[in-house]
Amino acid sequence: MVDIRHRWRSEGGGLERGQRMLLPRRWAWAAIDFLFPVRCAMCAAIVTGGPGVCPACWGSLSFITSPFCERCGLAFEIAGFQGEVCCGACLARPPPFERARAALNYDDASRRLVLPFKHGDRPDIAATVAPWTAVAGADLLAGADWIVPIPLHRWRLLARRYNQSARLAARIADKAGVPVCWGSLTRRRRTTPQGKHSAAGRRRNVQGAFVVPDRYRRLVTGSRIVLIDDVMTTGATVEAATRAMLAAGASAVDVLTVARVPLASG
């Protein structure tokens with residue numbers, strides 16, 4: 001129901017025929033509102049307007065705001081920092097990407113968006129979270145040449161039916177006016193789910209898993225890339241993808257996700 005409704009709204013329902021169609025269009029949208037009411041992406045309550053979630057669920061979300069680590073985007077628990085400040089983890093072990101940003105802290109509330117989006121056959125959630133993510137990464141997107149989603153291995157894509165990062169990337173590209181470089185990053189081997197591993201194990205699991213196909217290297221070379229993913233935990237996946245992009249000649253790589261864990265895990 002959600003996908004049908006969103007498709008009608010995004011494509012105009014086939015009713016864009018000029019001012020003569022104004023009244024029929026109003027009737028058509030009234031019918032669509034009745035048949036396919038907008039529902040909260042988190043609790044399924046009917047939403048009459050706003051950001052795609054009901055007021056109660058909206059209030060439960062923890063958006064990342066300043067101050068945060070300039071490098072990895074980790075939210076600081078103590079206010080009062082001024083200027084560009086990096087967290088201890090980035091000072092001790094600088095990541096290969098230049099900057100990472102996320103819209104939400106990954107907690108019990110945001111899991112109700114991220115997990116259905118990732119594993120629950122809810123690609124429509126991209127329409128809800130993409131605007132928040134684009135705002136969080138506005139500085140990154142302003143200087144980007146390409147947006148690149150983190151790819152799934154082909155067998156996992158077949159099982160899941162869609163790549164949530166690709167759905168998110170397409171939405172963000174529409175809002176930011178930055179093109180997606182489809183196919184420029186591939187997963188050349190199947191990795192086990194990252195949730196089964198420790199921080200060190202996650203890095204080993206995805207080491208060398210990504211590659212830029214030769215036919216895309218001319219597009220990547222000299223370009224500033226923004227990698228798109230759903231959630232950043234230890235950063236192992238986006239770091240491995242960043243290294244593949246840099247090895248292919250990218251001038252710089254930033255990372256943009258819907259959510260990230262509140263505390264660095266190493």
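## Surroundings of Arg99

In this predicted model, Arg99 touches Glu70, Arg71, Asp139, Leu140, Arg224, Val253, Asp254 and Val255, leaving aside residues up to four places away in sequence; contact means heavy atoms within 4.5 Å. The side chain of Arg99 also makes a polar contact with the side chain of Asp254 at 3.0 Å. A polar contact is a pair of N or O atoms within 3.5 Å; within protein, one must be able to donate a hydrogen and the other to accept it, and residues adjacent in sequence count only if both atoms are side-chain atoms.

Arg99 belongs to strand β1, residues 99–105 (strands are DSSP E runs of at least two residues, helices H or I runs of at least four, numbered from the N terminus). Arg99 is buried, because its relative accessible area is 18% (buried is under 20%, exposed over 50%, partly exposed in between; 1.4 Å probe, protein chains only).

## Packing of α5 and α6

Helix α5 (residues 108–119) packs on helix α6 (residues 125–136) at about 125 degrees, with the axes 10 Å apart. Axes are lines fitted to C-alpha atoms, for helices over the stretch in contact, and angles run from 0 to 180 degrees between N-to-C directions. The contact involves Leu113, Pro116 and Phe117 of α5 and Ile125, Ala126, Val129 and Trp132 of α6.

## Confidence and conventions

The chain has a mean pLDDT of 84, and 76% of its residues reach 70 or more; pLDDT is the predictor's confidence in each residue, from 0 to 100.

Local features need pLDDT of at least 70, side-chain atom pairs count only at pLDDT 80 or more, and totals for chains, interfaces and linings use all residues. Residues are numbered from 1 along each chain as its sequence is written, and side-chain values use heavy atoms, with hydrogens and water left out.
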